[in-house]
Amino acid sequence: MLDFAIIGGGPAGLTAGLYSTRGGLQNVTMFEKGLPGGQITQSSEIENYPGQIEIVTGMELMDKWPEQCQRFGLKHDMNEVKQVTKNGDIFSIKLGNGDIVESKTVLMATGSVPKAANIKGEGEFFGRGVSTCATCDGFFYKNKDVIVIGGGDTAVEEAIFLANICKTVYIVHRRDAFRASPHEVAKMDKLDNIVQIMNHTSEEIIGDNSGVIGLRVKDKNTGEERTLDGLATFIFVGRDVLNEPLKQDDGSFLCETNEAGEVIVDLSMRTSVPGLFAAGDIRIEAPKQVVCAAGDGSIAGIQAISYLQ
Ligand SMILES: Cc1cc2nc3c(=O)[nH]c(=O)nc-3n(C[C@H](O)[C@H](O)[C@H](O)COP(=O)(O)OP(=O)(O)OC[C@H]3O[C@@H](n4cnc5c(N)ncnc54)[C@H](O)[C@@H]3O)c2cc1C
């Protein structure tokens with residue numbers, strides 16, 4: 001019987017492991033299907049982690065985190081979690097290898113992943129001008145022209161964020177109206193350096209040895225093609241929340257989620273189910289940054305101790 005089962009070994013899960021073990025919990029296991037570190041290990045340049053002055057890769061940033069946690073007793077089980085259920089006060093965690101582990105508390109810290117737009121050049125130039133995070137990468141294109149693909153809330157909000165940093169922001173949307181909230185669209189409409197390219201599909205991200213140089217778009221009405229010049233293409237076409245382990249046999253979720261499948265938590269990272277916490281990118285209104293995920297994880301670790309007391 002575990003005291004605390006942590007599902008996901010990214011910044012949120014690792015920090016929860018650190019705080020819970022250092023705070024006195026004896027029996028804490030982090031289930032991570034791959035190597036610990038999380039999705040930030042895919043990033044080639046991070047310059048917004050506090051105290052980290054030199055630009056580092058995600059691998060470098062996360063290198064020492066598991067070692068620090070394990071020093072205080074966190075155990076790592078390299079296993080995928082398939083399902084979490086609750087019977088009475090106890091959680092059952094079904095693992096990919098068929099084992100079932102029981103725990104008194106559980107943290108969901110499995111994150112979320114951006115959806116791909118499936119455009120030519122997207123994979124080739126990912127990390128070399130193709131990005132899914134304006135907060136992370138916008139500053140690299142200060143006073144330059146950039147392109148945003150998408151028409152929902154995230155696309156519009158990120159275009160507004162980029163407009164503060166970049167010279168011109170082209171936002172390309174395949175429909176004739178944005179799906180984002182009217183309030184956000186009205187804010188965007190007021191910004192002179194956002195150029196809205198409506199009713200256009202994104203055909204190809206164009207680049208050379210230096211990275212992205214533009215995006216080829218096609219007018220849906222006339223079929224005419226042209227290239228927008230920009231040194232980065234930010235893609236915001238939705239996210240897949242990795243909430244699969246919360247799905248119950250009847251198709252419902254173990255705890256409350258919003259329409260996008262993000263887990264609803266309070267400021268203590270508590271879900272609607274006592275003893276079940278969620279932290280990091282999987283939770284509602286997550287800023288999707290390493291420092292925020294780590295902050296969430298520390299709160300969840302502290303709260304798990306308090307719940308068990
Ligand atoms: C390319 C890129 C660049 C980025 N740049 C920056 C940046 O510059 N600055 C910044 O602050 N943030 C950046 N981010 C965002 C940052 O990586 C995330 O906000 C952060 O990693 C979220 O942490 P998390 O712990 O919530 O989730 P994640 O980091 O996604 O970790 C979740 C972990 O759970 C594991 N997992 C998932 N499902 C299961 C399961 N069923 N069983 C077991 N394990 C599971 C995954 O393998 C993963 O390791 C970037 C992200 C990407 C992809």
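## The shell around the ligand

By class, 13 nonpolar, 13 polar and five charged residues make up the shell around the ligand in this predicted model. Ala, Val, Leu, Ile, Met, Phe, Trp, Tyr, Cys and Pro count as nonpolar, Asp, Glu, Lys and Arg as charged, and the others, Gly among them, as polar. Of the 31 residues around the ligand, those that come nearest are E32, N48, C136, D281 and V290; a residue is near a molecule or strand if one of its heavy atoms lies within 4 Å of it.

Residues are numbered from 1 along each chain as its sequence is written. The model is predicted, so that local features need pLDDT of at least 70 and side-chain atom pairs count only at pLDDT 80 or more, while totals for chains, interfaces and linings use all residues, and side-chain values use heavy atoms, with hydrogens and water left out.

N48 places an N or O atom of its side chain 2.9 Å from a nitrogen atom of the ligand. The backbone of D281 has a polar atom 2.9 Å from an oxygen atom of the ligand, and a polar side-chain atom of Q289 lies 3.1 Å from a ligand oxygen atom. A polar contact is a pair of N or O atoms within 3.5 Å; within protein, one must be able to donate a hydrogen and the other to accept it, and residues adjacent in sequence count only if both atoms are side-chain atoms.

On its own the ligand has 990 Å² of accessible area, of which the protein covers 93%; areas come from the Shrake-Rupley method with a 1.4 Å probe, and for residues only the protein chains shown count as cover. The elements that give two or more residues to the shell are α1 (11-22) and α7 (290-308). Helices (H or I, at least four residues) and strands (E, at least two) are DSSP runs, numbered from the N terminus. In the loop between β17 (276-278) and α7 lies E285, which has a positive phi of about 55° although it is not a glycine.

## The parallel sheet

An open sheet of five strands has the order β8-β15-β9-β10-β11, with parallel pairing. β8 (130-131) and β11 (194-197) stand at the edges with a single partner strand each, so one side of each is left without a neighbour in the sheet. Two strands pair if DSSP finds at least two bridges between them. Strands β9 (residues 145-149) and β15 (residues 233-235) pair in the parallel sense over three bridges, and I149 stands opposite I235 in β15.

## The antiparallel hairpins

The loop between β11 and β12 contains N199, a residue other than glycine with a positive phi near 55°. β12 and β13 (residues 211-219) run antiparallel and are joined by eight bridges, H200 having D219 in β13 as its bridge partner. Two residues separate β12 and β13 in their hairpin.

Five bridges join β13 to the antiparallel strand β14 (residues 225-229), where D229 stands opposite G214. The hairpin of β13 and β14 has five residues between the strands, and G223 in the turn has a positive phi of about 80°.
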